[in-house]
Structure formats: C-alpha cells, structure tokens
Amino acid sequence: TGNPKVGVTGFCMGGGLSLMIACQRPDAVAACAPFYGGMRPDTPVDWDAIAAAVEGHYAESDQGSASPEAAKKLEAELRGKGKSATFHVYPGTHHAFFNDTRPEVYDAAVSKTAWERTLTLFLMLRTIQYVSTCNIMLAGTHQGQLNLILNIFNMESTAIRTATQQSANNGMGQLLNLLAHTCRSGTLTTV
C-alpha cells in the first residue's frame, strides 16, 4: 500500500485478535480499534510490546472479557504502561451492537459514532491517507457491517451498490474483492 504501518480492527473474537496482532507486530500496527473484543485471562499477551494507539468500542451490557469493567481495566493497564489507549463504553448497548443483522442488539447511531471514531484514528495515524484508501484489516466482519462501511466511506458508485445488493446471494467474497479494487492504492483484508 505504500504505508509502512496499518490500522487493525475486529469484532468480538476479531477484536481480541486485533489487540493480539498489535502486540505481536508493533513494527507494523500503528492503530488498533477493537469492537467488544477481549482476551481470555489465560491468553499470554505482552502488553508492553504494543506500540499502536488503541481505541476500543464496548457495550454497556457486555460480559466476560469484553465487559465494561474488563475494558476499563485493560485501558488503565495500557495507560499505566505509557500506552495510548481510549476505551469507549456506549450506554444502553449490548454485545454486537454494530451487527445490523441482529436487530435485537443493533444500534445504528452508536455504530456510526464508533466507526467514525475508528476512521478518525486511522486517518490521524496515517494508516489510511484518505477515506477512499482502505488500509484496514477487518476481522470477523458481517455483511451488515460491510454495508455500514460502504456508507461511511461514501462509496456510491453503481458497481458498489450492485455488489452490495448481490452480496446476500453471492456471498461477501465478491463485495470484498470489489472493495479492495475500489479503494485506491490500498488493501482490504478480512480474517
């Protein structure tokens, strides 16, 4: 992509994986934005190694390693180590608040705010040069999340709209490939 560093994000387990890759590859990851992702207590993680700025997004009603208490504890631990860490806990939300295929938990307003904060983090740290350059790893992304990403990226070409409409029938592979080609001088990777 021409950028020496990347921004990583993920959802649920992907959020935990984005934190882990930020620790394992401090040479490559400049920004990390986990969405309701945590680490099991028995997972060996070297928080001292992380060099990325971390901005996490968590649900008020989540539990376990992604609970508000766990998120704030990790935020405090990272800050205590001199790391850049801000963890947002969104009032009235539940785990998977970003997943619009789950209407019982989806929160459109919070999702938009969280994604805008993520893009701002990536833009500030130059992991993306402008919004149409996708230098972002999306871990555990759902079709509905991709639709929101398209809307926020403001990709309104006929090809994008067509791929979005067809993605339910053809799977996300076509949409991801189109996104990767549409984003100038960048890459879009899912895990």
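What follows is a chat about the strands, the ring pairs and the pockets of this model.

Me: What kind of model is it, and how are residues numbered?
Reply: It's a predicted model, where local features need pLDDT of at least 70, side-chain atom pairs count only at pLDDT 80 or more, and totals for chains, interfaces and linings use all residues. Residues are numbered from 1 along each chain as its sequence is written, and side-chain values use heavy atoms, with hydrogens and water left out.

Me: Ok, how many helices and strands in the chain?
Reply: Six helices and six strands, taken as DSSP runs numbered from the N terminus (H or I of at least four residues for helices, E of at least two for strands). Along the sequence the pattern reads β-α-β-β-α-β-α-β-α-α-α-β.

Me: And how much of the chain is buried?
Reply: Buried residues are 47% of the 191. Buried is under 20% relative accessible area, exposed is over 50%, and partly exposed is in between, with a 1.4 Å probe and protein chains only.

Me: Why is strand 3 largely enclosed by the rest of the structure?
Reply: Seven of the seven residues in strand 3 (residues 53-59) are buried, so the rest of the structure largely encloses it. Ala53, Glu55, His57 and Ala59 point one way, while Val54, Gly56 and Tyr58 point the other way.

Me: Which strands does strand 3 pair with?
Reply: Strand 2 (residues 29-35) runs parallel to strand 3, joined by three bridges, and strand 4 (residues 85-90) is also parallel to strand 3, over six bridges. Pairing takes at least two DSSP bridges between two strands. Cysteine 32 stands opposite valine 54, and glycine 56 has phenylalanine 87 in strand 4 as its bridge partner.

Me: What do strand 3, helix 2 and strand 4 make together?
Reply: A right-handed β-α-β unit, with helix 2 covering residues 68-80. Right-handed here means that, with the strands pointing away from the viewer, the path from the first strand over the helix to the second runs clockwise.

Me: Switching to rings: how many aromatic pairs are there?
Reply: There are 11. Rings of Phe, Tyr and Trp (its six-membered ring) pair if their centres lie within 6.5 Å; planes under 30 degrees apart are stacked, over 60 edge-to-face, and the rest tilted. Tyrosine 58 and phenylalanine 87 are a stacked pair, at 5.4 Å centre to centre with 5° between the planes. That pair links strand 3 to strand 4, with the two residues 29 apart in the chain.

Me: Are those two buried or exposed?
Reply: Buried: tyrosine 58 has 1% relative accessibility, and phenylalanine 87 has a relative accessible area of 2%.

Me: Last topic, what's in the largest pocket?
Reply: About 330 Å³ of space, lined by 17 residues, with Met39, Trp47, Ala70, Leu74 and Glu77 nearest its centre. A pocket, on a 1 Å grid over the protein atoms alone, is an open set of points where a 1.4 Å probe fits, with protein on both sides within 12 Å along at least five of seven lines; lining residues have an atom within 4 Å of a point. The volume is the space filled by probe spheres set on the points, which are joined across faces, edges and corners.

Me: Which helix gives the largest share of that lining?
Reply: Helix 2, with five residues in the lining of the largest pocket.
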